[in-house]
Each structure stands twice: as structure tokens, then as C-alpha cells.
Amino acid sequence: MKLLLFVLFIKVISADIPRVDPGYDCAYCQPEQVHLSFGTQSNDMVVTWTTYNDTQESRVQYGELDMDEEAVGGSTLFTDGGKLRRTMWIHRTLLPDLKFNTKYVYHVGSTYGWSEKFSFKTPPNGENWIVRAAIYGDMGNKNAHSLSYLQDEAQRGHFDVVLHVGDFAYDMDTDDARVGDEFMRQIQPLAAGLPYMTCPGNHESKYNFSNYRNRFSMPGSHGSLFYSFDLGPVHFVSLSTEVYYFLQYGLKMLVNQYEWLRRDLAAANTPENRAARPWLVVYGHRPMYCSDQRPDCFINRLPNRVGLPLLGFGLEPLLREFGVDLVVWAHEHSYERTWPLYDGRVYNGTEEPYRNPGAPVHIVTGSAGCQEDTNKFIPHPPAWSAFRSSDYGYTRLAAHNRTHLYLEQVDVDLKGQVIDSLWIVKDKHAPYEI
């Protein structure tokens with residue numbers, strides 16, 4: 001699928017662009033499901049939205065005070081794989097080379113109709129600022145306990161980015177993709193004002209992940225399945241753990257991702273890059289470690305951790321080799337924090353567990369809320385498990401500088417109370433000596 005390759009931008013006053021003569025015969029041309037994502041760099045913003053008829057143009061009017069600039073993109077026809085073969089037009093437009101640390105207002109649409117006005121703020125330039133992220137997975141269009149809290153926090157300016165770590169809507173293809181439509185409308189108050197960065201989960205697998213790949217617009221050329229981006233002192237890496245489980249779609253994507261990941265982490269570890277962005281944060285859907293009462297938590301050698309029989313391509317050795325600091329998962333409908341952990345063994349720091357830890361820290365945050373409810377834990381936690389909660393909630397991350405990263409878990413059942421927190425403090429970021 002071509003994501004950003006076809007996106008064309010033109011920065012002019014809107015009156016200067018020739019317009020389609022619509023005849024006003026377009027019953028389903030009103031824009032909806034508006035959401036943002038980062039482009040190639042953090043001051044590039046990609047705006048994505050949906051219409052149900054072809055509007056023949058994909059326009060974003062935007063500016064700092066007035067919407068006096070315009071960018072023009074393109075659209076693709078998406079046909080869902082369900083029985084009705086429902087169709088919709090997915091529009092993508094790039095807003096390039098924006099000013100850093102600047103608030104913009106915008107709306108999207110065409111001659112047939114415009115969305116309401118939205119706003120977003122671009123991140124500061126460089127690496128010396130605090131990156132604030134909301135992180136969660138497994139949020140459906142029903143029972144989405146955390147959604148109102150996230151919407152409220154986002155609109156109050158508490159976050160710079162959202163990381164949705166797989167499993168959307170439950171499921172986006174359900175009811176001939178109408179559930180996907182409803183979910184994308186529900187997250188619009190959040191995602192139209194913040195970059196909404198994603199990775200696929202098992203609930204996106206239908207029709208070879210087609211709803212996921214078409215509805216989202218992540219950086220790179222891999223259909224939003226895997227990519228990376230830089231933000232402040234953090235290099236974020238998004239993965240598809242699902243390539244290890246849905247082998248009916250072939251091995252090519254698994255091999256491509258593994259080889260890409262090795263190259264990406266190697267580049268992030270050059271002296272220049274690691275000095276500028278020392279924090280390496282990897283996120284993907286299925287965890288390597290968990291202690292829920294679910295079958296996958298009882299399997300010691302999960303394929304995404306150790307690789308496939310005879311073939312390999314396990315991801316955990318790369319975390320050690322390239323000194324990944326934090327790994328974030330979902331899939332389990334719970335929250336769990338590990339001690340610094342590699343190959344089932346704990347490698348706490350010499351002074352405190354999370355001060356100069358000897359291995360990556362793992363976080364599972366899959367309790368944002370869906371109709372499948374939360375999961376219960378086994379009675380006695382493994383030695384590597386530091387904290388567990390089955391309450392609904394989401395995670396906040398704040399990378400304060402090159403040495404200090406803060407995490408906390410918001411408990412929605414307790415009306416937004418913070419139930420767990422930790423500082424990861426590292427004087428040096430480098431491959432682990434394990």
C-alpha cells in the first residue's frame with residue numbers, strides 16, 4: 001500500500017487552486033475520522049481522514065492564527081474484505097516543514113464539505129525538552145474506560161504523542177468495518193489534536209491487516225506495520241509482533257522487519273545518534289513476559305521473543321545487543337511492570353533496581369478498556385514481576401532528559417489515581433554486558 005509516496009503538498013492561499021466543480025451531488029463526502037501522525041520528521045504532520053464518496057480532492061487548510069495556508073494530498077479507495085465489500089476513501093495530506101513548538105489550527109475537506117476546526121502543537125526543536133506520551137493498548141469502541149480520561153488530558157495539553165500499542169475497536173473489520181468507523185470517530189477528539197502513533201495487534205489480522213494498514217498513516221514504506229521516529233531525547237521503534245503468529249500471510253514481512261530492525265537499532269547506536277537521543281523505546285503488541293491467567297503467559301519461549309523453530313529471528317537478543325532501555329507491550333488486559341529483565345533473569349542496577357539497570361525494563365499496558373474485560377493474574381508473581389494491576393487504565397511516560405525517564409500508571413477504576421511509578425536513571429546508554 002502506498003502511504004506517503006503519493007502525498008503532494010502545495011502551500012498557497014486556497015483561492016489560488018483550481019477547484020472541482022462538484023454539482024453538489026455527493027451524499028457521503030463529509031470528512032470524518034480525522035487523525036494525525038508524524039511524517040518523516042517531527043515537524044512534518046500527516047493528516048488522515050475518511051469520506052464515503054470520492055471527493056476528487058484532499059485539502060487541508062491550516063495556519064498559526066488563520067487558516068491561510070493550504071496543502072493538497074490524495075486519496076485511496078479502500079474496500080473492506082467483508083461480505084458487503086464496503087468501500088470508503090482514505091485521504092492523506094502532508095503538512096511539511098512546520099515551525100517547531102507552534103500551535104496550528106486546521107480543517108480538512110473539499111469543495112463538497114469541511115470538517116470542524118481542530119488544532120495541534122508541533123514539538124520543540126532538538127533533543128533538550130521533556131517528551132510526554134500516553135501509552136496503552138487494547139481499547140475497543142465498547143467499554144473504553146480510559147477514553148474520556150485520555151481525551152480530557154490531551155485537550156489540556158498533557159501529551160506530545162499517543163502510542164496505541166495494538167488492538168483497536170474490537171474489531172475494525174467487525175460488522176463490515178462499521179465498528180472500525182465508529183472507533184475512528186471516537187478517538188477523533190484525541191487523535192485530531194495529537195500524533196496518534198500505532199502498531200498492529202492480533203485483532204487487526206483479518207484480511208491481512210487491511211483495515212489497520214489502510215486507516216493509519218505511519219512513517220516509512222511498510223504499510224504502518226513497523227517504523228521508527230525521533231522525538232526529543234527518545235528514539236521510538238514500533239514493531240509488529242503479529243508477523244510471528246499469522247504465518248499464513250508469509251514469512252517475507254517477518255524477515256523484512258527483523259532485518260530493518262537490526263539496521264534501525266544499529267543506526268540509533270552510532271555515537272552521534274546515541275548521544276543526541278540516548279533513550280531507545282521499543283513498542284509492539286504481544287509481550288515477551290506476562291503473568292496473567294492466559295495460555296500465552298505460560299509459554300516460556302514465545303516466538304516473538306526467541307524466534308521461530310529452525311529459522312530464528314527472535315527479537316530479545318536485539319534488545320540486549322543494542323541496549324534498548326524500555327520495551328512496551330499490550331495484549332494482556334492488565335498492567336505489569338518487570339524488573340530489568342533478559343532471558344528470564346533479573347539484572348537490577350547495583351545501587352537501585354532501575355538505576356543503571358543491566359537489562360531492558362518491560363511494561364505491559366493493555367487495560368485501556370474493551371468488551372473482553374480485564375485479565376486476572378496467577379496467584380504468585382514470578383521473580384521478574386515487580387508490580388501488577390488488573391484495573392482499567394493507561395500509562396504516562398515522560399523522558400525528562402538524557403539520564404532520567406519517568407513512568408506512571410493511571411488507574412481509571414480509581415478515578416485517575418496513579419498506582420505505580422518509577423524512574424529509570426542511566427548515566428550511560430549502551431549495549432548490555434550480559
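**Entry 1: strands 27 and 28**

I began with strand 27 (residues 404–411) and strand 28, which pair in the antiparallel sense over eight bridges. Two strands count as paired if DSSP finds at least two bridges between them. Helices (H or I, at least four residues) and strands (E, at least two) are DSSP runs, numbered from the N terminus. I looked up Val410: its bridge partner in strand 28 is Val418.

This is a predicted model, in which local features need pLDDT of at least 70 and side-chain atom pairs count only at pLDDT 80 or more, while totals for chains, interfaces and linings use all residues. Residues are numbered from 1 along each chain as its sequence is written, and side-chain values use heavy atoms, with hydrogens and water left out.

Six strands form an open sheet in the order 14-12-10-26-27-28, with mixed pairing. Strand 14 (196–199) and strand 28 (417–425) are the edge strands, and each pairs on one side only. From one strand to the next, the twist averages 20°. Axes here are lines fitted to C-alpha atoms, for helices over the stretch in contact, and angles run from 0 to 180 degrees between N-to-C directions. Helix 2 packs on this sheet and touches strand 10, strand 12 and strand 14; its direction makes about 135° with that of strand 14. Contact means heavy atoms within 4.5 Å.

Which strands does strand 10 pair with? I found strand 26 (residues 393–399), antiparallel over five bridges. I also found strand 12 (residues 161–165), parallel, joined by four bridges. Val131 has Ala399 in strand 26 as its bridge partner. Ala133 stands opposite Val161 in strand 12. Strand 10 (residues 131–136) is mostly covered, with five of its six residues buried. Buried means under 20% relative accessible area, exposed over 50%, partly exposed in between (1.4 Å probe, protein chains only).

I checked Asp160 next, in the loop between helix 1 and strand 12. Its relative accessibility is 17%, so Asp160 counts as buried. Leaving aside neighbours within four places in sequence, Asp160 is in contact with Phe38, Trp129, Ile130, Val131, Arg132, Leu194 and Pro195.

**Entry 2: helix 1 against helix 2**

The axes of helix 1 (residues 147–155) and helix 2 (residues 174–191) come within 8 Å and cross at roughly 30°. The two helices are therefore roughly parallel to each other. I noted the angle classes: under 35 degrees is roughly parallel, over 145 roughly antiparallel, 65 to 115 roughly perpendicular, and the rest oblique. Leu147, Leu150, Gln151, Ala154 and Gln155 in helix 1 meet Gln186, Ile187, Pro189 and Leu190 in helix 2. These contact residues divide into six nonpolar, three polar and no charged. Ala, Val, Leu, Ile, Met, Phe, Trp, Tyr, Cys and Pro count as nonpolar, Asp, Glu, Lys and Arg as charged, and the others, Gly among them, as polar.

I moved on to an open sheet of four strands, order 1-2-6-5, with antiparallel pairing. Strand 1 (32–38) and strand 5 (74–79) stand at the edges with a single partner strand each, so one side of each lacks a neighbour in the sheet. Neighbouring strands are turned by 25° against each other on average, direction ignored. Strand 2 (residues 45–51) and strand 6 (residues 87–95) run antiparallel and are joined by seven bridges. Trp49 stands opposite His91 in strand 6.

Which helices lie across these strands? Helix 2 lies across strand 1 and strand 6, at about 55° to strand 1. Helix 3 (residues 206–215) lies across strand 1, strand 2, strand 5 and strand 6, at about 40° to strand 6.

**Entry 5**

All five residues of strand 17 (residues 279–283) are buried. Trp279, Val281 and Tyr283 cover one side, Leu280 and Val282 the other. Phe236 is partnered by Val281, and Val282 by Val327.

The largest nonpolar core has 102 residues; Tyr283 is among those with the most contacts inside it. Such a core is a set of buried Ala, Val, Leu, Ile, Met, Phe, Trp, Tyr and Cys residues joined through side-chain atoms within 4.5 Å.

**Entry 3: Arg286**

Is Arg286 buried or exposed? At 13% relative accessibility, Arg286 counts as buried. I located Arg286 in the loop between strand 17 and helix 6 (303–306).
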